[in-house]
Amino acid sequence: MEKQLLRLTVNGQEYELYINPKTLLVEAIRDHIGLIGTKRGCDTVSCGACTVMIDGASVKSCSVLAMQAEGAQITTIEGLEKNGKLAPIQKAFLDHGSYQCGFCAPGMIMSAQALLNENPAPTEWEIREGIEGNICRCTGYNSIVRAIDATAKGKYAEVKS
Amino acid sequence: MINDFNYLKPGTLEEAFAMYAEHDDCKVICGGQSLLIVMRQGMIAPEYLLDIKHIKELNYIKFDKKDGLKIGATTIHRAIEKSDVIKKNYPVLVAMENKLASIQVRNWGTIGGNIAHADPAGDPAPVLIALKASVKFGGAAGEKTMPLEDFFVDYFETALSKGELVLEIQVPVPEPKTGAAYQKFNLLESDMGVVAAAASVTLNGNGKCKDARIVLGNAGPTPRRIKRAEELLAGKVLNEKLFAEAGKIASEDCEPVADIHASEEHRRHILGVLTKRMLQKAFDEAKA
């Protein structure tokens, strides 16, 4: 096995990693780059805690080789915040009590953001479908759906100053 | 824990063929949504991993009224789900993709990878076989095309020889008055099916059944056509009683395993029910 040089772009910043090619994207993000907002849950493509975006599409980073993300724009939960301000979806999660233990939240929010990017005005059913790949073991789904709905309805839109 | 491997990343299909032919103990990864799981479990530990995910030559959806649908192997599930041309001409494929795992998996996993992995619980194969699909595969030595139903040999085994890749899925244009349906039975929405059934029905001008296909998923080592039930329906005026009889045959002519999710008996029962329902649904669509 030869270690390989990998250039990754995470949240707009470029990183050069020298890694074993079996390194998973979640390991590159957490263990090599040090962005630990992305969680490692089931490790079997089931729970969605490790959800990040690759070129705007949500994927489970526990089941993507880091090498496969070369040249792509990766967005993690840390990348949603702009200039020290939380993204609307993050504020909505806080307001609606959508965090209980909080473990699913980073993945849940990335799925929610990917949904809203694609469909800015989802129905409740579309919201539920949008987070189908994310499990909340506190079962706080209703508050999560309410937070996404409130964001879609523009209640957390940035006030332009 | 994934075993160490050497990572090969060809830039073109030609390079991929050459690399695959050159390296023994080499496994192909595309989306890896199934492969990385079995690698993590230590079930396979290849020395080389050939990554074809980025090969653009195999990423396409084409359709014309004569040749039908052609989907390149590295096309992601989500692209199939969102394709207008597939929605219009093969709505059952969109419905199947919509229930395949979760959005994240469909955003990265590919149709070629799914077919090559040959998991008997995979969603696309039963539907594609019901639609009379073929698969094109090959390597440096050349290409061949065969009906998809002949491609699956055993659990996780296919007709692929050393150095060969799945290249394209081909689906003919459905005949007029054809309907198709697919449903899986599972406990969690984004889980694999405990069992599944796909059916297609084509009617003659006189309303009798010209042709029917019944394909079961996770009902044996490979996707399984229930030819005895298909023959029962051919040439007949279809009705609920015939569908129930076909369902009974389906529950007899399968060989599902028993595991933590369901006993063999339970699986046979559900396969019978799903077969009956899918035939009815396909028939209703064919009549419409």
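This dialogue discusses how to read several features of a predicted model.

Reader: Which domains does the assignment give for chain A?

Author: A domain assignment divides a chain into parts. For chain A, domain 1 covers 4-79 and domain 2 covers 88-152. Their C-alpha centres lie 21 Å apart.

Reader: How many residues of domain 1 of chain A are in contact with domain 2 of chain A?

Author: The contact involves 14 residues of domain 1 and 12 residues of domain 2 of chain A. On the domain 1 side, β3 (51-54) and β4 (57-60) of chain A each provide at least two residues. The largest share belongs to β3(A), with three residues. By class, this side of domain 1 of chain A consists of seven nonpolar, six polar and one charged residues.

Reader: What is the order of the strands in the open sheet of four strands in chain B?

Author: In chain B the order is β11-β12-β13-β14, and the pairing is antiparallel. The edge strands are β11 (178-185) and β14 (224-225) of chain B, each of which pairs on one side only. Between β11(B) and β12 (195-203) of chain B there are eight bridges, in the antiparallel sense. One pair of bridge partners is B:F185 and B:V195, the latter in β12(B).

Reader: Which helix packs on that sheet?

Author: Helix α12 (264-287) of chain B packs on the sheet and touches β11, β12 and β13 (209-217) of chain B. The direction of α12 makes about 30° with that of β12(B).

Reader: How are β6 and β7 of chain B joined?

Author: A hairpin through two residues joins β6(B) to β7(B). The strands β6 (134-139) and β7 of chain B run antiparallel and are joined by six bridges. Among the partners are B:K136 and, in β7(B), B:T145. Strand β7 (142-147) of chain B is hardly covered: of its six residues, the count of buried ones is zero.

Reader: Where is A:N83 found, and is this residue buried or exposed?

Author: A:N83 is found in the loop between β5 (73-75) and α2 (88-95) of chain A. Its phi is near 50°, a positive value in a residue other than glycine. A:N83 counts as exposed because 4 other C-beta atoms lie within 10 Å, and the cut-off for exposed is 12 or fewer.

Reader: Is B:A118 buried or exposed?

Author: B:A118 counts as buried because it has 22 C-beta neighbours inside 10 Å, where the cut-off for buried is 20 or more. B:A118 also has a positive phi, about 55°, although it is not a glycine. Its place is in the loop between α7 (111-117) and α8 (124-130) of chain B.

How values were computed. Residues are numbered from 1 along each chain as its sequence is written. Chains are lettered from A and ligands numbered from 1 in the order in which they are written. This is a predicted model: local features need pLDDT of at least 70, side-chain atom pairs count only at pLDDT 80 or more; totals for chains, interfaces and linings use all residues. Two residues are in contact if their C-beta atoms, placed from the backbone, lie within 7 Å. Ala, Val, Leu, Ile, Met, Phe, Trp, Tyr, Cys and Pro count as nonpolar, Asp, Glu, Lys and Arg as charged, and the others, Gly among them, as polar. Two strands pair if DSSP finds at least two bridges between them. Axes are lines fitted to C-alpha atoms, for helices over the stretch in contact, and angles run from 0 to 180 degrees between N-to-C directions.
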